[in-house]
Amino acid sequence: IYQYLRSINCTSLEYYWSAKSKKQQDFLRTIQAPFIDPYSFSGFLKILRAQYLFIEKSTFDVYYTKMIFGRFRFIQTWHGTPLKRIGIGENGKKKGSKILTDKNNRVYQFLHKIKFFTRQKFKYITAPSEEIKSLFQNVFENLNVVVTGYSRNDVLFNPALAVNDYRQIFNLNKYHKIILFAPTFRDNNDTQNPLSEELSEFNKQLNLKNYLLLVKKHPWQKTFIIPNNLSNILDVSNVVDDIQELYPHVDILINDYSSALVDFMLSKK
């Protein structure tokens, strides 16, 4: 949405990216994108005065906490197809969250009645289908769900909305096919390596076919290591921030139990 407003040179709206890290702020300066530092006084005032606050997971994306008081208008764009349980659908699975999810809990019932939960206050929630709309209305306890598709997937139809040109960054034009391996996060300890320890033979086959295998790990995967001396296997996890921006350049996606699969299906590849 932010990139779209920039692409049409929108002057009728005042809009900013809420950039909490100095690295992100420096990057936004280089591409001349309007942003605020939410921890500065001017940034704090911008948040207080904003007519709408766009988030993709929780209010912490742009705000300071996950639970808020006040009449803020949050628009929840979400970040994937809910193949796993989310929101109150988790039913207190996380330690200490039962009061926040168990409908039979008296404290929960009181907090629900006074509209304490941020999810109840979302002005709009975007969904990709009628089925997901119904699910979101339940898990967010909010009827303000509109079927628009996910704005994060617009880049599949208009690559110009991408912030980074990964075709140029990774010199992808020199390869016959680009394969992306994107394993999902597992709830159990991250101890399994999803690829063989010996990748040199695999790399030879990729080289013969002039294929490139890109590996984009989940941010929480720490023990899965790709050697950096392979000509046709490249770990891009620390370079690629938004996996959606890779999709337009990828011919084949290797995936498991992840909504990346559903997003990529839009490309019909």
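In which sense do strand 4 and strand 5 pair, parallel or antiparallel, and over how many bridges?

Modeller: This is a predicted model, in which local features need pLDDT of at least 70, side-chain atom pairs count only at pLDDT 80 or more, and totals for chains, interfaces and linings use all residues. Residues are numbered from 1 along each chain as its sequence is written, and side-chain values use heavy atoms, with hydrogens and water left out.

Strand 4 (residues 74–76) pairs with strand 5 in the parallel sense, over two bridges. Strands are DSSP runs of E with at least two residues, helices are runs of H or I with at least four, and both are numbered from the N terminus; two strands pair if DSSP finds at least two bridges between them. I75 has Y124 of strand 5 as its bridge partner.

These strands belong to an open sheet of four, in the order 3-4-5-6, with parallel pairing. Strand 3 (53–55) and strand 6 stand at the edges with a single partner strand each, so one side of each has no neighbour in the sheet. From one strand to the next, the twist averages 25°.

F122 and F140 form an edge-to-face pair, 5.9 Å centre to centre with 70° between the planes (rings of Phe, Tyr and Trp, the last by its six-membered ring, pair if their centres lie within 6.5 Å; planes under 30 degrees apart count as stacked, over 60 as edge-to-face and the rest as tilted). F122 lies in the loop between helix 6 (118–121) and strand 5 (124–127), and F140 in the loop between helix 7 (130–139) and strand 6 (145–147), so the pair ties together parts 18 residues apart in sequence.

How values were computed: Axes fitted to C-alpha atoms, helices over the stretch in contact; angles between N-to-C directions.
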